[in-house]
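Student: I'd like a close look at one part of this model, down to the individual residues. Could you start with a single strand and then work outwards from there?

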Amino acid sequence: MNKKIPAPLLVIILGILCFPLLWSCQRRSPPSQEGTISAWLTLYTSEPLELAQEAIADFQKSYPQVEVEIFRSGTGDVISRINAEMIATGGTEANLIWFADIGFMSNLDSQGLILHYSPPAAARIDPQYAYNNGMGHEVRLIYNVIAYNTRMVTSPPRDWMDLTQGAFRSMVAMANPNYSGGAFTALVAHIQNSDKVGWRFYEEMQANDMKMELANGVLQTKVSSGEYAAVLIVDFMANNARIEGSPVEVVWPASGAVLIPTPLALVNNMTSQQEAAAKALVDHFFKDETQALFSRQGYIPVMPGAPLPPGAPAVDQIVTMPFDLDFFIRESPQIRSTYEERFGN
């Protein structure tokens, strides 16, 4: 009489017999990494919050199990937070950093706090947009330029020094360099290029009753409304105001716009899963569809051939001021100190 094998025992036997085959198949055909990474990341950034959130949400469509917490403030506040964390714990809670102070980032790198990573797609970008052999890369480009209100200005400025003229008295504003990394980078570039701008520009602007606002977003609002006739501002905000119908035009200064380095970098403090997720995020930002998203947000993309925002010039048509990273790192503390002594906080 044949006896039936009990069902639980049968399951165990089949499992033992099939396991080697299943293991072999798994080794030969590993699942795609996309969508399978599970991690929690923290991003510290000075980018406009809604635009950063949109880019992260786009990434999470492919990696739904990666959560990204964003701390967003002006570059000065972001740096202050990192410094406070470093003093308190010897490290920072940030896993990724994305803000406008290439000198501070380079200082972190010199301490071994940055995880170097060069995404394959970054091999296609201009080498000037990749820093310190993988420390960080531009994922889209930002410039400091001039914007003016077309209802208030009949003779548009062509260059930085034009704003020192009497016609613009009390009607020009810039962001505070102690809060805005873009404004501080522009200040350093202007001082480096003393033959074109230099301290003379800021002294004459002060004499012309230049106004100071906290950040670029305020400048965008107030030049659009006509509270200011002209502003020193990042290009994408001015161009977005124009596209949205505000009476604003963008001036690319004849002596050169200032490229604002805002590389995305990884902090050397992650678990293996976090590191995989962070690298996937960097890779994602170089994809064609993400570069197109940056363009829709108003940014000039960094990848060759990516679509441009309406009205934006091609990169090879933009005149930029020379920018020396070594000068920035070496001279920034003294320039900041001199600025505060002459113009206050």
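**Strand 14 and beyond**

Tutor: Let's start with a bridge: isoleucine 114 has valine 267, in strand 14, as its partner. Keep in mind that this is a predicted model.

Now look at the side chains of strand 14, which covers residues 264-267. In a regular strand, side chains alternate between the two faces of the sheet. Here, Leu264 and Leu266 sit on one side, with Ala265 and Val267 on the other. All four are buried, so both faces of the strand are covered.

From the strand, let's move on to some helices. Helix 6 spans residues 198-207, and its buried residues are Gly198, Trp199, Phe201, Tyr202 and Met205. What do these residues pack against? Their partners are strand 9, helix 5, strand 11 (230-234) and helix 11 (325-343). Leaving out residues up to four places away in sequence, histidine 190 touches Gly198, Phe201 and Tyr202, along with Trp160, Val197, Val258 and Met321. After helix 6 comes aspartate 209, with a positive phi near 65°.

Next, helices 7 and 8. Two packed helices are described by the angle between their axes and the distance between the axes. For helix 7 (residues 216-225) and helix 8 (residues 235-243), the axes come within 10 Å and cross at roughly 35°, and the crossing is right-handed. From helix 7, Asn216, Gly217, Gln220 and Ser224 make contact with Met237, Asn240 and Ala241 of helix 8. Sorted by type, the residues of this contact are 2 nonpolar, 5 polar and no charged. Helix 8 is mostly covered, with 7 of its 9 residues buried. Those buried residues are Asp235, Phe236, Met237, Ala238, Asn239, Asn240 and Ala241. Just past the end of helix 8, glycine 245 has a positive phi of about 105°.

While we're on backbone angles, two loop residues are worth a look. Asparagine 133, in the loop between strand 5 (130-131) and strand 6 (136-137), has a positive phi near 55° although it isn't a glycine. This asparagine counts as exposed because its relative accessible area is 72%. Serine 170, in the loop between strand 8 (143-149) and strand 9 (172-175), is another non-glycine with a positive phi, near 65°. The serine counts as partly exposed because its relative accessibility is 25%.

Where pLDDT is low, the predicted coordinates should not be read in detail.

Technical notes. Residues are numbered from 1 along each chain as its sequence is written. This is a predicted model: local features need pLDDT of at least 70, side-chain atom pairs count only at pLDDT 80 or more; totals for chains, interfaces and linings use all residues. Side-chain values use heavy atoms; hydrogens and water are left out. Axes are lines fitted to C-alpha atoms, for helices over the stretch in contact, and angles run from 0 to 180 degrees between N-to-C directions. A crossing is left-handed if the near helix is turned anticlockwise from the far one by less than a right angle, and right-handed if clockwise. Contact means heavy atoms within 4.5 Å. Ala, Val, Leu, Ile, Met, Phe, Trp, Tyr, Cys and Pro count as nonpolar, Asp, Glu, Lys and Arg as charged, and the others, Gly among them, as polar. Buried means under 20% relative accessible area, exposed over 50%, partly exposed in between (1.4 Å probe, protein chains only). Two strands pair if DSSP finds at least two bridges between them.
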